[in-house]
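Trainee: I have a model to read and would like to go through it feature by feature. Where do we begin?

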2 protein chains.
Amino acid sequence: MSGSTTLSSDLLTMLRNKATSLRIESVRATTEAGSGHPTSCCSAADIVATLFFHVMRYDPKQPRHPNRDRFILSKGHAAPLLYAAWAEAGLFPKSELLTLRLLRSDLEGHPTPRLSFVDVATGSLGQGLAAGVGMALNAKYLDRSDYRTYVVLGDGESVEGSVWEAVEIARQHQLDNLCAIVDINRLGQSDPTMLQHDLEAYRARWSGFGWHAIVVDGHDIAALVQAFGEAVATKGRPTVLLAKTLKGKGISFIQDKPDWHGKPLKKGEEADRAIAELSQQFVSGNGAAPVIPSPTLAKKEEAGRKTLAAPSYKIGDMVATREAFGVALQALGEADPSVVALDADVKNSTYTDKFGKQFPSRFFENFIAEQNMIGAAVGLSTCGKVPFAATFAAFLTRAYDFIRMAAISQANVKLVGTHVGVSIGEDGASQMGLEDLAMMAAQPGVTVLYPSDGTSMYRLVEAAARQSGMVYLRAGRPKSPVIYGPDEPFSIGGSKVLRKSQQDQVTIVAAGVTLCEALKAHDQLKAQGIQTRVVDLYSVVPVDRATLADCAHATQKRVVTVEDHYAHGGLGDAVLGALSNEGVRVTKLAVRDIPRSGKPDELIDHFGIGVRSIVQAVKDLLKL
Amino acid sequence: MSGSTTLSSDLLTMLRNKATSLRIESVRATTEAGSGHPTSCCSAADIVATLFFHVMRYDPKQPRHPNRDRFILSKGHAAPLLYAAWAEAGLFPKSELLTLRLLRSDLEGHPTPRLSFVDVATGSLGQGLAAGVGMALNAKYLDRSDYRTYVVLGDGESVEGSVWEAVEIARQHQLDNLCAIVDINRLGQSDPTMLQHDLEAYRARWSGFGWHAIVVDGHDIAALVQAFGEAVATKGRPTVLLAKTLKGKGISFIQDKPDWHGKPLKKGEEADRAIAELSQQFVSGNGAAPVIPSPTLAKKEEAGRKTLAAPSYKIGDMVATREAFGVALQALGEADPSVVALDADVKNSTYTDKFGKQFPSRFFENFIAEQNMIGAAVGLSTCGKVPFAATFAAFLTRAYDFIRMAAISQANVKLVGTHVGVSIGEDGASQMGLEDLAMMAAQPGVTVLYPSDGTSMYRLVEAAARQSGMVYLRAGRPKSPVIYGPDEPFSIGGSKVLRKSQQDQVTIVAAGVTLCEALKAHDQLKAQGIQTRVVDLYSVVPVDRATLADCAHATQKRVVTVEDHYAHGGLGDAVLGALSNEGVRVTKLAVRDIPRSGKPDELIDHFGIGVRSIVQAVKDLLKL
């Protein structure tokens with residue numbers, strides 16, 4: 001921030017007028033669009049004006065300057081305010097603001113990184129602070145940059161548990177370069193908020209969680225400037241400004257009134273009256289010209305990445321794919337300094353502890369806070385890092401909304417879900433990831449990989465790091481035999497035909513633990529005179545349509561799929577989707593009941609995804 | 001609880017010996033199983049012994065007594081401790097404890113409601129307190145019962161944001177009948193916990209959130225009894241016992257030591273040594289016999305439900321399915337007193353406000369805390385209520401882990417996701433539910449319904465209430481024409497063939513907003529001499545396989561599916577799955593890119609799910 005925390009009256013005039021301008025533009029844009037949240041913009045206008053035209057250091061012509069102060073509008077529905085601030089700063093003409101929410105415009109209803117000045121998509125509440133944690137971790141522990149990260153939250157969203165995960169982790173990592181501002185405007189969408197204007201209750205929560213908490217009048221610009229200064233001066237812990245505001249501030253006939261959430265002012269008399277009233281709030285005198293502090297010069301890029309050594313597994317070695325992931329991640333850490341890793345207190349099960357021990361400064365423990373882990377990973381990815389975030393696949397469901405928003409952000413994050421399927425055994429259903437393929441493959445632009453042995457996992461971890469965008473890697477708990485030699489290549493979108501003859505009658509498609517079962521079934525069937533083709537479908541999205549179609553046609557359009565996953569949305573459906581226009585017959589073997597504890601082999605058999613079921617399915621298909 | 005909070009020495013002796021017994025049984029069972037978490041059992045043994053043999057009122061022979069005090073083991077990995085407590089109370093022989101984690105045993109690695117004494121499955125951390133909120137809401141506001149609800153949490157799981165959602169909502173609803181106990185044993189799975197034994201930091205958090213917080217030595221039974229008494233006496237807010245404990249307490253060579261999470265003692269010398277040491281902790285003297293206070297007599301069941309009036313829509317009326325849901329829910333509230341509703345600050349968008357206004361005492365506002373909303377709904381369902389929980393479908397992703405665990409619990413909850421698909425328009429991607437079918441249909445035992453008009457929504461809301469288990473209803477934002485008369489019947493697992501002729505060449509399957517598009521496409525194609533069959537697939541799971549197969553075969557195995565959902569795991573995949581053995585050709589139209597803001601009709605067209613795309617897909621299929 002620009003040094004001074006006491007304002008000249010000229011500066012104050014300028015900032016007040018900027019806030020008024022932002023309000024007017026927010027009203028204009030939402031009225032023109034016929035939808036949007038002008039009242040949520042008005043409550044935060046003084047905060048945003050103070051940040052954009054006095055506090056934050058950035059380059060209005062280079063919004064992705066690496067050392068810029070970061071700004072996240074966690075209450076994404078106030079998007080028009082953000083857009084107005086950048087137009088006001090000079091990034092684009094104000095006239096564009098009137099394209100709000102049009103199909104041809106990137107000024108969407110909620111901010112997305114289609115815009116040069118937006119790092120992460122917001123609009124699903126409670127996600128901005130976790131991303132801010134990632135950016136602040138990057139500044140403090142990786143880039144050692146002096147940029148600061150500002151996150152504006154709504155009061156309604158403060159009830160989201162994800163906010164408190166971020167609050168905990170930020171304190172734990174002593175992120176004094178992170179500043180949250182809660183726009184406490186008292187009114188939610190459908191009712192007053194839980195705490196309304198009980199600022200002391202807010203203070204008790206945030207300071208109870210170890211933050212430096214400042215209660216401030218969110219419409220008093222001088223007080224805001226002082227509070228931001230206090231935040232800069234606070235060391236060893238993050239600061240929150242608890243800003244008391246009024247929803248619709250500045251427009252007397254809607255200010256602090258219920259039933260005005262998400263409603264634009266009507267074109268004509270209503271909007272005109274609001275804009276006239278706001279216009280009267282311009283303070284006379286020109287005021288000072290805004291002086292936007294520049295970010296410090298960016299450091300040079302670090303040296304590039306090296307090539308990974310080949311995996312060291314020999315065919316027949318017994319290796320869990322989760323362990324091969326850990327080994328590959330460690331090797332990747334050595335080869336590529338931009339790779340970082342995040343854990344949620346299972347690093348000794350996912351084997352990210354190998355990376356963590358070798359590169360402690362690039363390893364971030366999130367304790368048991370999966371939502372923050374994903375949000376922080378997204379934040380780190382916006383700073384040029386390649387984050388790998390790993391936990392049990394089952395617990396990635398905890399962060400599904402964060403994953404959904406990361407897909408919208410097209411974030412370059414790599415997620416690893418271990419302990420998939422009934423093959424984890426005795427721990428039982430709560431620990432078994434059986435819907436992870438469905439949830440990950442549903443998201444647009446996400447690569448979904450499901451390696452079956454140590455070698456392919458190792459190679460695909462490397463491929464994931466090189467692949468732009470979100471990649472999901474599915475990893476199993478039990479040890480299984482290595483089936484590929486160390487020089488076997490694996491590419492995203494590929495597959496491997498492991499068994500093939502001219503007499504094949506059925507194609508069996510599998511991945512992970514069921515691939516072993518498929519190979520065993522192949523042998524049993526062969527002994528009975530039935531030849532089958534076996535495909536390792538390690539790339540579920542994108543899928544190797546050509547190979548699948550070739551195999552299906554070579555086996556009279558008969559296909560059996562088998563997976564340690566629930567029946568809907570998994571590998572079988574990926575195959576069905578790939579072959580949907582081929583007129584094939586597909587028998588899908590998958591887990592169709594609520595699983596339970598037991599020994600892995602017993603469960604694989606009991607839930608119908610083992611060798612016995614595959615053999616039967618092949619025979620049944622031949623009878624059709 | 002049994003009145004007295006000062007203990008006779010006999011009582012104290014009895015409780016200490018019970019705790020020692022529970023420790024021994026936990027060690028024995030996990031050693032026999034060869035896996036499990038004995039150290040996590042030992043830290044909580046005194047807490048559980050005090051609750052089960054002095055504080056809680058329940059009937060050991062009737063574990064589902066309606067007025068029993070509720071007990072939730074949120075740290076589900078301490079399951080052997082829970083099982084030992086019930087065996088000790090006399091529900092089943094102790095010898096059964098040694099079947100822990102076997103496929104044939106219901107004593108699973110983590111507790112599930114397969115057991116008569118477990119209300120909700122736990123094992124995914126941070127979920128127990130939300131369920132407890134539901135049970136406490138039921139006692140205080142619905143059944144007006146004096147039962148109390150006790151939830152034992154781990155310290156590691158306290159970082160989960162979902163815990164803080166439940167903490168907020170419990171305080172807001174003044175749940176003084178709810179008591180949380182945090183077993184603060186200092187050690188997580190992979191490392192010490194964030195706050196270790198900083199009890200004052202815990203106190204600041206919980207009391208900052210408005211709870212009555214008591215710091216207590218979790219191994220001092222007299223102190224625990226006193227603290228539970230203080231909890232009973234505390235009115236107007238919930239109480240938490242912050243219990244300082246040691247992981248592995250009582251076994252000197254593992255007590256308070258890292259690297260002992262989730263590890264059983266080895267059979268033979270190691271386990272023998274532990275059991276010998278624990279056995280020496282039995283206090284001499286017989287002690288008092290345990291007196292388990294009985295629950296108060298249950299109230300009579302309320303009068304049963306009435307039949308719902310027919311929906312009032314006329315064909316051609318313009319009604320959003322979300323609005324029809326609200327109307328149906330209100331009617332259902334009138335007809336069935338067990339129906340309750342939960343909101344997360346969108347009741348004026350999902351139309352649950354209609355129910356809320358008419359039945360305020362059966363309506364629970366969760367503010368913006370979707371995880372708590374689902375967890376509380378599950379808790380309410382265990383008390384015989386039929387909870388409808390509604391929010392934007394996109395935001396149900398926030399609670400996916402809760403939904404996953406509710407499926408494992410086979411909970412009788414009804415979830416409604418509104419604002420699905422790109423057809424919501426201007427708000428943009430963050431608000432569009434495009435993966436809800438994938439995530440709901442993946443879960444075992446969940447019914448997934450996707451009505452296309454007001455009448456079918458109304459009827460299917462009624463069917464959902466009558467259907468046992470979890471039901472998901474998908475609802476759209478825009479108004480669309482009513483296509484069914486008020487007497488049209490709808491059943492789960494059914495479908496409607498809306499257009500049919502002897503000359504049909506292609507079957508078009510749709511639901512929701514795309515059904516209108518399909519009907520328009522039918523008309524356009526008919527005008528061009530191409531006859532198509534149109535199916536309303538309002539029941540996605542279970543799916544009407546017979547009708548789909550009939551239609552497909554009648555149209556030369558040519559099918560087009562079209563849905564306002566991402567391409568993987570939606571309606572198209574449900575159709576492909578149903579027809580997987582029919583050798584059909586299916587063209588799947590769905591949203592395949594990251595969506596954006598725009599007008600609903602523009603977006604439907606732009607993302608390839610409108611009439612133009614359907615017409616083209618039909619023509620392309622005819623060329624194959």
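Mentor: With the domains, whose bounds come from an automatic or database domain assignment. For chain A that assignment gives domain 1 (9-279), domain 2 (318-481) and domain 3 (499-623). This is a predicted model, in which local features need pLDDT of at least 70, side-chain atom pairs count only at pLDDT 80 or more, and totals for chains, interfaces and linings use all residues. Residues are numbered from 1 along each chain as its sequence is written, chains are lettered from A and ligands numbered from 1 in the order in which they are written, and side-chain values use heavy atoms, with hydrogens and water left out.

Trainee: How many residues are in contact between domain 1 and domain 2 of chain A?

Mentor: Contact means heavy atoms within 4.5 Å. By that rule, 28 residues of domain 1 of chain A touch 25 residues of domain 2 of chain A. The C-alpha centres of these two domains are 32 Å apart.

Trainee: What area do domain 1 and domain 2 of chain A bury between them?

Mentor: Buried area is the accessible area (1.4 Å probe) that two parts lose on being put together, summed over both. Here the value is about 2000 Å², with 64% of it on carbon and sulfur atoms. On the domain 1 side, A:Gln127, A:Leu142 and A:Glu165 lose the most area to domain 2, together 26% of what that side buries.

Trainee: Which side chains meet in a salt bridge at 3.0 Å?

Mentor: A salt bridge is a side-chain nitrogen of Lys or Arg within 4 Å of a carboxyl oxygen of Asp or Glu. A:Lys385 and A:Asp143 form such a pair, at 3.0 Å from N to O. The rule finds one salt bridge across the interface of domain 1 and domain 2 of chain A.

Trainee: Which element gives the largest share of the domain 1 side that touches domain 2 in chain A?

Mentor: Helices (H or I, at least four residues) and strands (E, at least two) are DSSP runs, numbered from the N terminus. The elements giving two or more residues to that side are α4 (128-142) and α5 (161-172) of chain A. The largest share, nine residues, is from α4(A).

Trainee: Now the chains. How many residues of chain B are in contact with chain A?

Mentor: 111 residues of chain B contact 111 residues of chain A. The two chains bury about 8700 Å² between them, 50% of it on carbon and sulfur atoms. There are 12 salt bridges between chain B and chain A. In one salt bridge, B:Lys347 meets A:Asp191 at 2.6 Å, N to O. Helix α5 (residues 161-172) of chain B supplies eight residues, the largest share of the chain B side that touches chain A.

Trainee: What rotation superposes chain B on chain A?

Mentor: Copies are superposed by least squares on the C-alpha atoms of residues with pLDDT of at least 70 in both. A rotation of 180° with 0.0 Å of shift along its axis places chain B on chain A, at RMSD 0.0 Å. That is the relation of a two-fold axis. In chain B, the C-alpha nearest the axis belongs to B:Gly161, 1.8 Å from it. The copies meet through the same surface, because 100% of the interface residues of chain B are also interface residues in chain A.

Trainee: Where is the cis peptide bond that ends at A:Pro542?

Mentor: The bond from A:Val541 to A:Pro542 is cis, with omega near -5°. A:Pro542 sits in the loop between β17 (539-541) and α18 (545-554) of chain A.
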